[in-house]
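These notes record what I looked up in the structure.

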Amino acid sequence: MSFNDDAQLDSGRIRDSRGRGRGGKIAAGGGGIIVVLLAALLGVNPDMLTQLGLGGDPGIEQGANENGPAGITECQTGADANARTDCRILATTQSLDSFWLSYLPQYDVQVQQPGVEVFDGQVSTECGTATSAVGPFYCPADQVAYFDTGFFADLSTNYGSDGGALAEEYVVAHEYGHHIQNTIGTLAASQQGAKGATSGSVRVELQADCFAGMWAAHAANTKDAEGNTFMEPFTEADLRSALSAASAVGDDRIQEAATGRVNPEGWTHGSSAQRQSWFLQGYATGDINQCDTLSARDLDKPGG
Ligand SMILES: [Zn+2]
């Protein structure tokens, strides 16, 4: 597994809203995140999201589940992160904090750590209400990355327990990458340019993949508050796991869920090969200057 067992976690770092937000109506269908992101970037009134949020489904009434998933406060060490998805989201977040907050100041960029929230059912954000159907997403308006732990359960089922860890960490690192983009100003490019394969939105997604690769390159050097390293060096198998996720999940999944609802042709996210290539570009170089997807002439050839 990829976390050092004695790395110390800070359970106060992320918000855990699981077991809440289950009353009332849960919007059906996918597409929410595309709407959310579009709305946030284009300044649409979030109230619109509720209308687009596809009501009509019977409300699902559920009380707090006392036998439900144990809370994030039980995440104490790297061993917990190796055993549990929610703890892995926390540990990955802390490793990302350690990397990005020490990396960016050399470029005179001060970055605040993003909020991170794990939820189930549905969640209210400053970008509107989102449901579990939408997958992981980052809301620029409140600067919080949201993760539905049920999504990660799917991921684990699809990828198997051996290969799943870095796949999950990649997803967290990708969403964190959108926060870095929000900080340095490149996230706005997702609303620029024509639709299609070389559009701003594709370039933004591929840059987030490259940033995820950068973190992976430096992850073995990230440290907790007591100086313990968070991660063990990645193995080939770990890397394959991340690449499989880069090609198969994240925004691609979201786009698929949204097909037919919100202008999907305007929201291609790069081919599987491109996503893997840019993750590897970040991993091989560990250098933010090598992740300039916005001005890359050929998105098939990072660094070319
Ligand atoms: Zn993305």
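**Entry 1: helix H9**

I began just after H9, where Gly286 takes a positive phi of about 60°. Helices here are DSSP runs of H or I with at least four residues, strands are runs of E with at least two, and both are numbered from the N terminus. The model is a predicted one, in which local features need pLDDT of at least 70 and side-chain atom pairs count only at pLDDT 80 or more, while totals for chains, interfaces and linings use all residues. Residues are numbered from 1 along each chain as its sequence is written, and side-chain values use heavy atoms, with hydrogens and water left out.

I then checked the length of H9. Its 14 residues should span 20 Å at 1.5 Å a residue, and the end C-alpha atoms are 20 Å apart, which agrees. The expected span is 1.5 Å times one less than the number of residues.

Which residues of H9 are buried? I noted Gln274, Arg275, Trp278, Phe279, Gln281 and Gly282. Buried means under 20% relative accessible area, exposed over 50%, and partly exposed in between, with a 1.4 Å probe and protein chains only. An α-helix has 3.6 residues a turn, so residues three or four places apart point the same way. The face turned away from the buried side of H9 carries the exposed residues Ala273 and Ala284.

**Entry 2: the nonpolar core**

I looked next at the largest nonpolar core, which has 58 residues. Such a core is a set of buried Ala, Val, Leu, Ile, Met, Phe, Trp, Tyr and Cys residues joined through side-chain atoms within 4.5 Å. Ile89, Trp100, Phe147, Tyr170, Met214, Trp215 and Phe279 touch the most other members. Among the elements that give two or more residues to this core are H4 (85-103), H5 (149-184) and H7 (236-248). H5 supplies the largest share, ten residues.

I listed the contacts (heavy atoms within 4.5 Å) of Phe279. Not counting residues up to four places away in sequence, Phe279 touches Tyr170, Asp209, Cys210 and Leu243, among others.

**Entry 3: helix H6**

In H6, 17 of the 19 residues are buried.

**Entry 4**

I traced an open sheet of four strands in the order E1-E2-E6-E5, with mixed pairing. Two strands pair if DSSP finds at least two bridges between them. E1 and E5 (137-139) are the edge strands, each pairing on one side only. E1 runs parallel to E2 through two bridges, and Arg15 stands opposite Glu117 in E2. E2 and E6 pair in the parallel sense over five bridges, with Val118 opposite Phe147 in E6. Four of the five residues of E2 are buried.

**Entry 4: confidence**

Finally I read the pLDDT, the predictor's confidence in each residue from 0 to 100. The protein averages 77, and 72% of the residues score at least 70. Over residues 22-68 the pLDDT stays under 50. Over residues 254-267 it is below 50 as well.
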